[in-house]
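Trainee: I'm new to this structure and would like to learn how to read it step by step. Could you walk me through it?

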Amino acid sequence: MASKGTASHNSSHSGSHSAAHTEPHETDLAAGSSGMADLTRQQLANTASTTGALLRAMDSFQQTQQHMIQRAALLQERTADRLRSATSPIELVAIQSTVVLSSLSEWAQYSQELMLASLKAQSEFMRPAGLQQQSAAQAANAAGPLFQAWQSVFSAPMSGTMAGMARHH
């Protein structure tokens with residue numbers, strides 16, 4: 001309640017001088033609000049970009065696993081056909097050794113594909129990080145006018161009071 005009285009006293013006491021002070025404060029506040037809105041927009045865009053990169057990485061890993069499963073299923077079907085037509089114990093051992101070697105080769109190929117998918121995902125995650133560093137710098141710049149406007153809300157009445165005291169003394 002006392003602040004209303006002080007505010008009306010200050011506005012009636014300083015007249016046009018007060019209007020000149022409010023206008024820059026309002027532009028500082030508008031600039032700060034605009035900067036914060038831009039910062040929020042940038043952060044939301046970075047979040048969406050990171051989420052997209054995460055989903056693409058998950059898809060890449062899923063495709064790698066799906067290809068490995070398809071190749072393993074094909075190997076097992078061929079092995080089953082060869083085992084059905086085998087006629088000697090030596091042929092059974094040869095088929096089993098071929099399965100072991102093929103499995104090792106498949107494991108190496110699967111590991112290589114996973115590594116490539118991981119590198120691809122890493123490069124996609126690094127790209128938004130660069131954008132996030134840029135938006136952090138923009139945040140500091142955008143918040144400046146808002147903090148100045150906030151500070152001027154408190155310092156303007158004080159400077160008006162000090163000027164009034166200097167006139168009275």
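Mentor: Gladly! Let's begin with a term: helices are DSSP runs marked H or I of at least four residues, and they are numbered from the N terminus. Glu106, for example, has its place in helix α3. Please keep in mind that this is a predicted model.

Trainee: How many helices and strands does the protein chain have?

Mentor: There are three helices and zero strands. Read from the N terminus, the order of elements is α-α-α. Helix α1 covers residues 2–14, helix α2 covers residues 16–85, and helix α3 covers residues 89–168.

Trainee: Since the model is predicted, where in the protein chain is confidence lowest, and where is it highest?

Mentor: The general idea is that pLDDT gives the predictor's confidence in each residue, from 0 to 100. Here the protein chain averages 75, and 57% of the residues score at least 70. Helix α1 has the lowest confidence, with a mean of 47, while α2 has the highest, at 82. Over residues 1–21 the pLDDT is below 50, and this stretch has three contacts in the model beyond near neighbours in sequence.

Trainee: What share of the protein chain's residues count as buried?

Mentor: A residue is called buried when its relative accessible area is under 20%. By that cut-off, 16% of the 169 residues in the protein chain are buried. The chain exposes about 12,300 Å², and 64% of this is supplied by carbon and sulfur atoms.

Trainee: What can contacts say about residues that are apart in sequence?

Mentor: Take the contacts between residues at least 6 apart in sequence: 81% of them join residues at least 24 apart. Glu124 gives us an example, as this residue of helix α3 touches Ala53 and Arg56, not counting residues up to four places away in sequence.

Trainee: Is Glu124 buried or exposed?

Mentor: Glu124 counts as buried because its relative accessibility is 11%, and the limit for buried is under 20%.

Trainee: Which residue forms a salt bridge with Glu124?

Mentor: First the general idea: side chains of opposite charge can pair when their charged atoms come close. In this case, the partner of Glu124 is Arg56, and their closest N and O atoms are 2.6 Å apart. Arg56 lies in helix α2 and Glu124 in helix α3, so this pair ties together parts that are 68 residues apart in sequence. Arg56 is partly exposed, with a relative accessible area of 44%.

Trainee: Let's return to Glu106. Which residues is it in contact with, leaving aside its neighbours within four places in sequence?

Mentor: Those residues are Met68 and Arg71. With Arg71, Glu106 also forms a salt bridge, the closest N and O atoms being 2.7 Å apart. Glu106 lies in helix α3 and Arg71 in helix α2, so the two tie together parts that are 35 residues apart in sequence. Glu106 is buried, at a relative accessible area of 13%, whereas Arg71 is partly exposed, at 24%. Salt bridges with shared partners join Arg71, Glu106 and Glu113 into one network.

Trainee: How many salt bridges are there by this rule?

Mentor: The count comes to five. One of them links Arg41 with Asp38, whose closest N and O atoms are 2.3 Å apart. Here both partners lie in helix α2, three residues apart, which is about one turn of the helix. Arg41 is partly exposed, with a relative accessible area of 49%, and Asp38 is partly exposed too, at 28%.

Trainee: Now the surface. Which residues form the nonpolar patch there?

Mentor: Residues join a patch if they have over 30% relative accessible area and no salt bridge, with nonpolar side chains joined within 5 Å. In this model, Leu54, Leu55, Met58 and Phe125 form such a patch, with about 370 Å² of accessible area together. Helix α2 supplies the largest share, three residues.

Trainee: What does Leu54 look like by the accessibility rule?

Mentor: Leu54 lies in helix α2 and counts as partly exposed, because its relative accessibility is 41%.

Definitions and conventions:
Residues numbered from 1 in each chain as written. Predicted model: local features only at pLDDT ≥ 70, side-chain atom pairs only at ≥ 80, totals over all residues. Heavy atoms only, no water. Buried < 20%, exposed > 50% of the residue type's maximum accessible area, 1.4 Å probe, protein only. Contact = heavy atoms within 4.5 Å. Areas by Shrake-Rupley, 256 points an atom, 1.4 Å probe, with all protein chains shown as cover. Patch = residues over 30% accessible without salt bridge, like charges linked within 9 Å, V, L, I, M, F, W, Y side chains within 5 Å. Salt bridge = Lys/Arg side-chain N within 4 Å of Asp/Glu carboxyl O.
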